Amino acid sequence: MASSAPLIGLLIAAAILYLAKEVLLPLALAILIAFLLAPAVAWLERRRLGRVPATLVVSLAALALVASIGTVAALQAVSLAAKLPEYRHTIAQKIRDLRAPRGDSALGKAKQALEQIEREAQPEKPLPVRETPASAYEELVEYAEPLGKPIAMALAVVVFTILMLIDRENLRERLLALVGAGRLNITTRAMAEAASRVSRYLGMLMVVNACFGIPFGVALYLIGIPNALLLGLLGMLLRFIPYVGVWVAAALPIGLAFAIADGWSTVFWTLGVFLALELVLAYVLEPWLYGRSVGLSPIAIIAAVLFWTWLWGSAGLLLATPLTVCVVVIARHIPELGFLNVLLGVEPVLADEERFYQRLLALDHDQAAALLRKHAQARGLASALDDVLVPALALAGRDRARGLLEPARSRFIFEHAETIVDSLEAPPAAGRMAPVCLVPAHDAADQVAAAALERLLPGGCAQLFSAPAMASEVSEAAARAGCRAACISSVPPQAAAHAAVLTRRLRRQSPELKIVVGLWGAEQAASARERLTRLGADAVVTRLSEAAEALRLAARPA
């Protein structure tokens, strides 16, 4: 029951958002605009302008900008509407060219047959009945009602925005008190991160949209499309609506090009300019900018668009990304909602060692090799082996000990892990070393770790044994090769027990041999160190890089 509590809470929240849409929608829009204007207000305050004057200046400037854009757009739209009758002949001619095939052709006959079927199947439509307003007042209300609601919402958004900017510290403190004093630290960090991410997203969105609208308008002017300023401005504004707006922005100039030109070249030029700009923005600029500013996966953005549009219609389409950013940030800081961050966030949810092990579990050699190679290129070979390979071997060992890993898959994991290790490019090792022996304590996981250690040693100095290694075999081989030191490689979960058995036997066989025991990633190495030392180990280490250094010291040439 406790595990389903977050899901029930989400369903209740969604129901409240849907039922209280009329109240919450202007509030959400106001919060979004306040995020956008807050940096400008803060900048004026740092110039010793008071909070209220700074808010009024920024708000009036924003309203003036919106009014100017609206005025220019309206004038351009009126100018375009006045020109549309001039294009009537061109539009009619192109439509006839597209859909008027000759009657004696097969296409023409098929068209006529479909039209005949449509006429015969169409039922007779009764004349629509329209109620006549009873009075002039009711007629005025009928015409004013569609405008009243948007105007009232716009006024509410303006008022909410100004009040939020003036009283933002007080509102933040009240929200902190509402969440609870015990979560002040978490809530403060979540609010700061949400504000930062949303502000960055809005700023980047404005930059990207300007990079689309300005070149698009210039290109349309050069092509010869009338009212190019209006179309470029609309393109910039419509791109604020995710996924849908960009296609509307393209349809308007393409339709106009279709109307004004006698041929088709203007249409193709307009379409080509749009596709070129959109491809550059969508595949070059947007991933680079939004990947850093939003923190949402592409699937999360699409899901957010569908969800918020379902809740709040076209306004939800505009607010989808900022609101989802806030949800993901809150989920990152509240453990009960952590699953939302896993589902929607862009950060990796699996550690590198878990991803490497998962690729091997999926029998995907290439992806596993690419992951380990990428880590080695970024942080060095030693880090890749110590922080990715060895923990992955430990995960495989634990699963095998619990009976969760079938023999065939287990063989694939260890064989391919060793192959991947052998394919890694080892950096040139400085200095020379006397021969050393690398001995797996028990099984294939220990052998892969020993092979990884070999990559950190100078070439040709290490003799790698196969698992399971016998103490007598190691002792004889060490004597023949002149090995001064041996490293016993042991991977959890039973690293200390297996290493202890081999250490005791090897010390009896070779009293003069320096023995280094590697308990790779073992959590209780400190408690095992004393026991292994009593059994004859000269050193106990937990990382491959430490073992390589210990072997260099033990096998230095005389």
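**Notebook: helix contacts and buried residues**

I looked up α17 and α18: Leu385, Leu389, Leu393, Ala396 and Arg400 in α17 meet Ser410, Ile413, Phe414, Ala417 and Val421 in α18. Contact means heavy atoms within 4.5 Å. I sorted the residues of this contact and got 8 nonpolar, 1 polar and 1 charged. Nonpolar covers Ala, Val, Leu, Ile, Met, Phe, Trp, Tyr, Cys and Pro; charged covers Asp, Glu, Lys and Arg; the others, Gly among them, are polar.

I noted that the model is predicted: local features need pLDDT of at least 70, side-chain atom pairs count only at pLDDT 80 or more, and totals for chains, interfaces and linings use all residues. Residues are numbered from 1 along each chain as its sequence is written, and side-chain values use heavy atoms, with hydrogens and water left out.

**Angles**

I checked how α17 (residues 381–401) and α18 (residues 407–423) pack: the angle is about 165° and the axes are 11 Å apart. Helices here are DSSP runs (H or I, at least four residues) and strands are E runs of at least two, numbered from the N terminus. Axes are lines fitted to C-alpha atoms, for helices over the stretch in contact, and angles run from 0 to 180 degrees between N-to-C directions. α17 and α18 are therefore roughly antiparallel. The cut-offs are under 35 degrees for roughly parallel, over 145 for roughly antiparallel, 65 to 115 for roughly perpendicular, and oblique for the rest.

Next I took α2 (residues 21–46) and α8 (residues 184–223). They pack at about 80°, with axes 9 Å apart. So these two helices are roughly perpendicular. In α2, Leu32, Phe35 and Leu36 meet Ala195, Val198, Ser199, Leu202 and Met206 of α8.

**Buried residues**

Is Leu44 buried or exposed? Leu44 lies in helix α2 and is buried at 16% relative accessibility. Buried means under 20% relative accessible area, exposed over 50%, and partly exposed in between (1.4 Å probe, protein chains only). Beyond its neighbours within four places in sequence, Leu44 is in contact with Leu49, Ala54, Val57 and Val58. The C-alpha atoms of Leu44 and Val57 are separated by 9.0 Å.

Then I went to Asp443, in the loop between β1 (436–440) and α19 (444–454). Asp443 is buried too, with a relative accessible area of 17%. Not counting residues up to four places away in sequence, Asp443 touches Arg400 and Ala467. Arg400 is also one of the α17 residues that meet α18.

Last, I listed buried residues in α10, among them Val246, Pro253, Leu256 and Phe258.
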